[in-house]
Amino acid sequence: MMIMNMMIIFLIMFFIGNIIFVSKQKHLLIVLLSLEFIVLSIFFFLLIMLNFYFYDSYMLMVFLVFSVCEGALGLSILVSMIRTHGNDYFQSFNLL
(Lines give C-alpha, C1' and ligand atoms only; values in the text may rest on other atoms or scores of the structure.)
Protein backbone atom coordinates (compact mmCIF):
# COMPACT_ATOMS: atom_id res chain seq x y z
CA MET A 1 0.00 0.00 0.00
CA MET A 2 2.84 2.37 0.80
CA ILE A 3 4.38 1.72 -2.61
CA MET A 4 1.13 2.73 -4.30
CA ASN A 5 1.02 5.98 -2.33
CA MET A 6 4.59 6.77 -3.33
CA MET A 7 3.82 5.98 -6.97
CA ILE A 8 0.84 8.36 -6.86
CA ILE A 9 3.10 11.07 -5.42
CA PHE A 10 5.63 10.40 -8.20
CA LEU A 11 2.95 10.67 -10.90
CA ILE A 12 1.61 13.91 -9.45
CA MET A 13 5.12 15.38 -9.29
CA PHE A 14 5.90 14.26 -12.84
CA PHE A 15 2.70 15.66 -14.32
CA ILE A 16 3.01 18.97 -12.48
CA GLY A 17 6.54 19.35 -13.82
CA ASN A 18 5.37 18.56 -17.34
CA ILE A 19 2.45 20.99 -17.12
CA ILE A 20 4.77 23.79 -16.01
CA PHE A 21 7.25 22.92 -18.78
CA VAL A 22 4.60 22.84 -21.53
CA SER A 23 2.77 26.00 -20.44
CA LYS A 24 3.89 29.19 -22.11
CA GLN A 25 6.57 30.68 -19.92
CA LYS A 26 8.36 33.92 -20.66
CA HIS A 27 11.45 33.28 -18.48
CA LEU A 28 14.07 30.63 -19.18
CA LEU A 29 14.72 30.18 -15.46
CA ILE A 30 11.19 28.87 -14.85
CA VAL A 31 11.56 26.36 -17.69
CA LEU A 32 14.89 25.16 -16.30
CA LEU A 33 13.41 24.81 -12.81
CA SER A 34 10.53 22.73 -14.18
CA LEU A 35 13.03 20.46 -15.94
CA GLU A 36 14.91 20.01 -12.67
CA PHE A 37 11.62 19.19 -10.94
CA ILE A 38 10.94 16.49 -13.55
CA VAL A 39 14.44 15.07 -12.97
CA LEU A 40 13.79 15.11 -9.22
CA SER A 41 10.55 13.18 -9.67
CA ILE A 42 12.31 10.59 -11.85
CA PHE A 43 15.00 10.26 -9.17
CA PHE A 44 12.27 9.69 -6.59
CA PHE A 45 10.74 6.99 -8.82
CA LEU A 46 14.10 5.25 -9.27
CA LEU A 47 14.70 5.38 -5.52
CA ILE A 48 11.35 3.73 -4.84
CA MET A 49 11.79 1.04 -7.47
CA LEU A 50 15.37 0.15 -6.60
CA ASN A 51 14.54 -0.10 -2.90
CA PHE A 52 11.42 -2.14 -3.64
CA TYR A 53 13.33 -4.73 -5.65
CA PHE A 54 16.37 -4.63 -3.29
CA TYR A 55 18.79 -3.60 -6.03
CA ASP A 56 22.02 -1.74 -5.52
CA SER A 57 21.74 2.04 -5.53
CA TYR A 58 24.73 2.51 -7.83
CA MET A 59 22.43 3.49 -10.68
CA LEU A 60 21.08 6.36 -8.56
CA MET A 61 24.57 7.83 -8.28
CA VAL A 62 25.03 7.64 -12.06
CA PHE A 63 21.64 9.30 -12.53
CA LEU A 64 22.56 12.05 -10.05
CA VAL A 65 25.83 12.72 -11.89
CA PHE A 66 24.02 13.15 -15.20
CA SER A 67 21.31 15.31 -13.66
CA VAL A 68 23.91 17.60 -12.07
CA CYS A 69 25.66 17.91 -15.44
CA GLU A 70 22.33 18.77 -17.05
CA GLY A 71 21.66 21.41 -14.42
CA ALA A 72 25.12 22.95 -14.85
CA LEU A 73 24.66 23.13 -18.62
CA GLY A 74 21.26 24.80 -18.22
CA LEU A 75 22.68 27.31 -15.77
CA SER A 76 25.59 28.14 -18.09
CA ILE A 77 23.16 28.69 -20.98
CA LEU A 78 21.10 30.97 -18.73
CA VAL A 79 24.18 33.00 -17.68
CA SER A 80 25.44 33.37 -21.25
CA MET A 81 21.97 34.44 -22.39
CA ILE A 82 21.74 37.07 -19.67
CA ARG A 83 25.22 38.37 -20.54
CA THR A 84 24.47 38.67 -24.25
CA HIS A 85 20.82 39.81 -24.19
CA GLY A 86 20.50 41.39 -20.75
CA ASN A 87 17.55 39.27 -19.57
CA ASP A 88 16.11 35.77 -19.82
CA TYR A 89 12.92 36.59 -21.71
CA PHE A 90 12.16 34.33 -24.65
CA GLN A 91 10.73 37.25 -26.60
CA SER A 92 13.94 39.28 -26.45
CA PHE A 93 15.89 37.15 -28.91
CA ASN A 94 15.19 35.46 -32.23
CA LEU A 95 15.10 31.66 -32.07
CA LEU A 96 15.88 31.35 -35.79
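Is Thr-84 buried or exposed? Thr-84 is exposed, as its relative accessible area of 62% shows. Keep in mind from the start that this is a predicted model.

## The overall picture

Let's step back and look at the whole chain. Its secondary structure amounts to three helices and zero strands.

What about the overall dimensions? The C-alpha trace spans about 50 × 25 × 20 Å along its principal axes. The chain has a radius of gyration of 17 Å, while a compact globule of 96 residues would have one near 12 Å.

## Inside and outside

Buried residues account for 21% of the 96 residues in the chain. As for who touches whom, take the contacts with a separation of 6 or more: 58% of them are between residues 24 or more positions apart.

## How H1 and H2 meet

Helix H1 covers residues 2-22 and helix H2 covers residues 28-52. Their axes come within 8 Å of each other and cross at roughly 160°. Because an angle over 145 degrees counts as roughly antiparallel, H1 is roughly antiparallel to H2. The crossing itself is left-handed.

And what sort of residues make up this contact? Between H1 and H2 there are 22 nonpolar residues, four polar ones and no charged ones.

## A closer look at Ser-41

Ser-41 is a residue of helix H2. Where Thr-84 is exposed, Ser-41 is buried, with a relative accessible area of 0%.

Which residues does Ser-41 touch, leaving aside its neighbours within four places in sequence? The answer is Phe-10, Met-13 and Phe-14.

Now for the residue we opened with. Thr-84 sits in helix H3, which takes in residues 58-85. With a relative accessible area of 62%, Thr-84 is called exposed, because that word is used for values over 50%.

Thr-84 and Ile-20 are 64 residues apart in sequence, and their C-alpha atoms are 26 Å apart in space.

Definitions and conventions: Residues numbered from 1 in each chain as written. Predicted model: local features only at pLDDT ≥ 70, side-chain atom pairs only at ≥ 80, totals over all residues. Heavy atoms only, no water. Axes fitted to C-alpha atoms, helices over the stretch in contact; angles between N-to-C directions. Helix = DSSP H or I, 4+ residues; strand = E, 2+ residues; numbered from the N terminus. Parallel < 35°, antiparallel > 145°, perpendicular 65-115°, else oblique. Left-handed = near helix turned anticlockwise from the far one by under 90°. Nonpolar A, V, L, I, M, F, W, Y, C, P; charged D, E, K, R; others polar. Rg over C-alpha atoms; globule rule 2.2 N^0.38 Å. Buried < 20%, exposed > 50% of the residue type's maximum accessible area, 1.4 Å probe, protein only. Contact = heavy atoms within 4.5 Å.
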